[in-house]
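Colleague: I am new to this structure and would like a close look at a single part, the salt bridges. Please take me through them one after another.

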Amino acid sequence: MKTVLVITFALLSVATFAAQENYQFDTVEQQVLFKELTATLRCPMCQNQNIADSDAMIAHDMRRKVFQLISQGQDHEQIVSFMKSRYGDFVYYQPPVTRTTIWLWVLPIFVVLLGFVVVLRRTPHSLPAQDEQAALAKAQALLDEDK
Amino acid sequence: MQNKLKFAVPLVFFLGLCLFLFQGLFSDPQARDAMTLDRPMPEFALPDLMQPEITYTQDVFKGKVTLLNVWGVWCVTCQVELPYLTALSEQGVQIVGLYYDQDLDPDFGIKTLARVQQEVIDITDRLGNPFAYNIFDVYRDTSLDLGVTGAPESLLIDQNGIIRVHHIGDVNNRVWQNKFADVYAELTSQTITGVEEK
């Protein structure tokens, strides 16, 4: 039974490996750069997948283009700007700081600061002064009543 | 007063959040500003699909307002828009195809050019042929330079070879009227009066 299960899972796992082209790089650095770029460039066709993961035709084409540009000796910066000039800032997972996107950084800090202000300014809830003796006497009276 | 404000602030915040998220329900996650707008056609040198000995460059668009339609026979939506594009071309709109094929992957090519040509002829015979000619984007490099994410996409190129409209998706009457018609009318009127825009 166990063997059958193991074989079944082994067979299932074969079907899940992603389609990958075999690109030959001259140096290890180029291969590392390729991995890094395909992981950080976003597929413009698909919902939130990088081009390394996506099987869309555009992702294939972009991977091929990244490979070509790396082979031509272009660096990380140049390839990212090549893609940005065609597909916009959307294509790169690190958004640039602009007037609209600055809120992504400012807002969380603002909320944390606001939290501090709220906590610090909160006046401690003062309990109404109780006449402990009277309360105890009252309790004792109730206990006596129960007897 | 202080108390009322305490209630109002979360309420206003909540309503604002609702409005923001409500808008999101109707936004198109694929919609993005095209980077190509108001820029010249990228440089290219590509063969004609039917007569590969003819080579086109970006200069082919100079002098005439052109609707460049990115398409392929494998694309179902492209087939939907073919009859409408044919009607447009019959009204005198110059339509040029930028053809790219899915299977003809340059690295793993399995389809012959003759077969691609036959498929194109079959489909244009059946649904109408709006194209003055088809530019064959063999390696899909020009599509990439144009920021094309899929097919169909349509670009309106003015007589100076500048891209004026970039539309993702099919062209139908509504899209043409809303997105293309005004720009097209403006551009073509310039041709008639001979005023060339610099």
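Modeller: Start with A:Arg86 and B:Asp145, which form a salt bridge whose closest N and O atoms are 2.8 Å apart. A:Arg86 lies in helix α4 of chain A and B:Asp145 in helix α4 of chain B, so this pair joins two chains. The model is a predicted one. With a relative accessibility of 17%, under the 20% cut-off, A:Arg86 counts as buried. B:Asp145 counts as buried too, at 18% relative accessibility. Over all chains, the structure holds 7 salt bridges.

Another group to look at is a network of salt bridges that links A:Asp61, A:Arg64 and B:Arg140. Within this group, the side chain of B:Arg140 makes a polar contact of 2.5 Å with the side chain of A:Asp61. The side chain of B:Arg140 also reaches the backbone oxygen of B:Asp101, at 2.7 Å. As for its place in the chain, B:Arg140 sits in the loop between β5 (134-136) and α4 (141-145) of chain B. B:Arg140 has a relative accessibility of 3% and therefore counts as buried.

Chain B also has salt bridges of its own. One of them pairs B:Arg164 with B:Asp158, with 3.1 Å between the closest N and O atoms. B:Asp158 is buried, at 2% relative accessibility.

In another, the side chains of B:Arg115 and B:Glu119 meet at 3.6 Å, N to O. Both residues belong to helix α3 of chain B and are 4 residues apart, about one turn of the helix. B:Arg115 is partly exposed, with a relative accessible area of 45%. B:Glu119 is also counted as partly exposed, at 23% relative accessibility.

Helix α3 of chain B runs over residues 113-127, which makes 15 residues. From its first C-alpha to its last it reaches 21 Å, close to the 21 Å expected at 1.5 Å a residue. Its buried residues are B:Val116, B:Gln117, B:Val120, B:Ile123 and B:Thr124. They cover an arc of only 135° around the axis, so they lie on the same side of α3(B). The face turned away from that buried side carries the exposed residues B:Ala114, B:Asp125 and B:Arg126.

Definitions and conventions
Residues are numbered from 1 along each chain as its sequence is written. Chains are lettered from A and ligands numbered from 1 in the order in which they are written. This is a predicted model: local features need pLDDT of at least 70, side-chain atom pairs count only at pLDDT 80 or more; totals for chains, interfaces and linings use all residues. Side-chain values use heavy atoms; hydrogens and water are left out. Buried means under 20% relative accessible area, exposed over 50%, partly exposed in between (1.4 Å probe, protein chains only). A polar contact is a pair of N or O atoms within 3.5 Å; within protein, one must be able to donate a hydrogen and the other to accept it, and residues adjacent in sequence count only if both atoms are side-chain atoms. The expected span of a helix is 1.5 Å times one less than its number of residues. The arc is that of the directions from the helix axis to the C-beta atoms. A salt bridge is a side-chain nitrogen of Lys or Arg within 4 Å of a carboxyl oxygen of Asp or Glu.
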